[in-house]
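Visitor: I have a new structure open on my screen. Can you walk me through it?

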Amino acid sequence: MTEPLVVGTATAQPGTIQYGEWEALSHPTGHTEFLPVIIAQGKGAGPCLWLTAGIHGPEHTGPTVLYKMITQDLVDRLKGTVVVIPALNPAGLRTMSREPYHAQKDPNRMWPDGKREKPPDPDKDAPSSLELAYKRLFQEMIASSDYLIDYHNAGTGSISFSFRDRVMYRADQDPEKNKAEAEALAAKQDGMLRAYGHTIINEFPAEKYIDDKLHRSTSGAALLVGKIPSFTVELSTGHMPDPAIVAAAAAGTRNVMRWAGMLESEVEPIQKIKVVDPGFPVRRRDTPRVKQACVALHLVEPGDLIHVGDPVAEVCDIWGRPLDDSPLRSEHDGLVLGRSRGIYYYPGDAVLWMAIRDDAPVVAPYPEGYFKDEEE
Ligand SMILES: [Zn+2]
């Protein structure tokens, strides 16, 4: 018999849901921060799916989906194991802030980057306790996980969608083998994304992806460093979960389990949310941007398909009188993911989050020089 899966104080037991704590870090006040762990294991053998949420404090839909989805009824039908961590950033969730007060950096940019470890640089900030905790948790994650989904919220009123991280490979050593492996991983990731069934948006191309440290996001690190098929989902408004999106995310996740052979029932339709296929691959971009300080009154809605030249917002002064360059027009064919917050804009601010045609490959080498500091 193989050893049961243990994460923190939770030990998997076939046919049951087990609850436990994974000790993350100590506060100077003597308190310890743990991450809650839920292990749901079916009686039959099957893969291990990790589901994580709550790394950004104002994003409350992911935890809601996970609490509602993990039921004894699911376990009774399940083959394999689901490991759930619904609160990756407890301090952020307590204060509804993206960054925890004890580690003021985006926690979803703290996971291992795949580079060989170097001695600490005394002139640089040491990694925070949270970053060190994620480093340990990452080892447990990649040891047991076959697949991973990380749950987030984008902006108020945005559509529900999935982000496809680029699959980057090392081209500085054994490029053909690495590329073939990356392509196989991307194919699995694609199968998973399609099984989930919400609108699919590609992440930024490789250079910008690395610039924004998205390779150190939960799904980015699991995919690139852990080689685990993974993706991030964005579930619209964060501070007030939309019940239709909660239900559609739970259905999509169960469809991933079906795709992975963990459930045998019929695929569930994704209902009551907009699922948009523009007919070509798309990637995120914040666009169009206003040229002068203005009030922008949006003319399009999340989920709309728009074309180059379509008016997307009236731009006016504070008295509501149209400015010379009104209306603001789309520079791209694509899809409206969401409207930027509010109506008051400075020059250069984008009024929409869009998905525009993606000409960059999903499988790409790491940008040149990425591993350069390993050679020094
Ligand atoms: Zn987030």
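This is a predicted model: local features need pLDDT of at least 70, side-chain atom pairs count only at pLDDT 80 or more; totals for chains, interfaces and linings use all residues.

Guide: Counting ring pairs in it gives eight aromatic pairs.

Visitor: How are the rings of Tyr 366 and Phe 371 arranged?

Guide: Edge-to-face, because their planes stand at 75° and edge-to-face takes over 60 degrees. Their centres are 4.9 Å apart.

Visitor: And what about Tyr 370 and Phe 371?

Guide: That pair is edge-to-face too, with planes at 90°. The ring centres lie 4.7 Å apart.

Visitor: Why does Tyr 366 count as buried?

Guide: Its relative accessibility is 12%, and buried means under 20%. Phe 371 has a relative accessible area of 8%, so Phe 371 is buried. Tyr 370 is buried as well.

Visitor: Which residues form an aromatic cluster?

Guide: Trp 111, Tyr 134 and Phe 138 form one.

Visitor: What sits over the ring of Phe 204?

Guide: The charged end of Lys 208, 4.9 Å from the ring centre. There is also Arg 357, which lies over the face of Phe 280. There the distance to the ring centre is 4.0 Å.

Visitor: New topic: pockets. How much space lies in the largest pocket?

Guide: About 1,400 Å³. Its lining has 38 residues. Nearest the centre are Asp 113, Lys 118, Pro 127, Glu 131 and Arg 216.

Visitor: Which helix gives the most to that lining of the largest pocket?

Guide: Helix 4, residues 129–144, with six residues.

Visitor: How does the lining of the largest pocket split by class?

Guide: It has 17 charged, 15 nonpolar and six polar residues.

Visitor: And how much space lies in the second largest pocket?

Guide: About 810 Å³. The second largest pocket is lined by 32 residues. Arg 98, Asn 153, Ala 154, Gly 155 and Glu 234 lie nearest its centre.

Visitor: Where does the largest share of the lining of the second largest pocket come from?

Guide: Strand 12, which gives three residues. By class, the lining of the second largest pocket has 13 polar, 10 charged and nine nonpolar residues.

Visitor: Last topic: helix 1. Which residues there are buried?

Guide: Helix 1 covers residues 61–69. Thr 61, Gly 62, Pro 63, Val 65, Leu 66 and Met 69 are buried.

Visitor: What do the buried residues of helix 1 pack against?

Guide: Two helices are on the list: helix 2 (72–77) and helix 8 (243–259). The strands are strand 5 (44–53), strand 6 (79–85), strand 7 (147–152) and strand 11 (230–235).

Terms used
Residues are numbered from 1 along each chain as its sequence is written. Side-chain values use heavy atoms; hydrogens and water are left out. Buried means under 20% relative accessible area, exposed over 50%, partly exposed in between (1.4 Å probe, protein chains only). Helices (H or I, at least four residues) and strands (E, at least two) are DSSP runs, numbered from the N terminus. Contact means heavy atoms within 4.5 Å. On a 1 Å grid over the protein atoms alone, a cavity is a set of points where a 1.4 Å probe fits but cannot get out, and a pocket is an open set with protein on both sides within 12 Å along at least five of seven lines; lining residues have an atom within 4 Å of a point. Grid points are joined across faces, edges and corners, and a volume is the space filled by probe spheres set on the points. Ala, Val, Leu, Ile, Met, Phe, Trp, Tyr, Cys and Pro count as nonpolar, Asp, Glu, Lys and Arg as charged, and the others, Gly among them, as polar. Rings of Phe, Tyr and Trp (its six-membered ring) pair if their centres lie within 6.5 Å; planes under 30 degrees apart count as stacked, over 60 as edge-to-face and the rest as tilted. A charge sits over a ring if NZ of Lys or CZ of Arg is within 6 Å of the ring centre and within 35 degrees of the ring normal.
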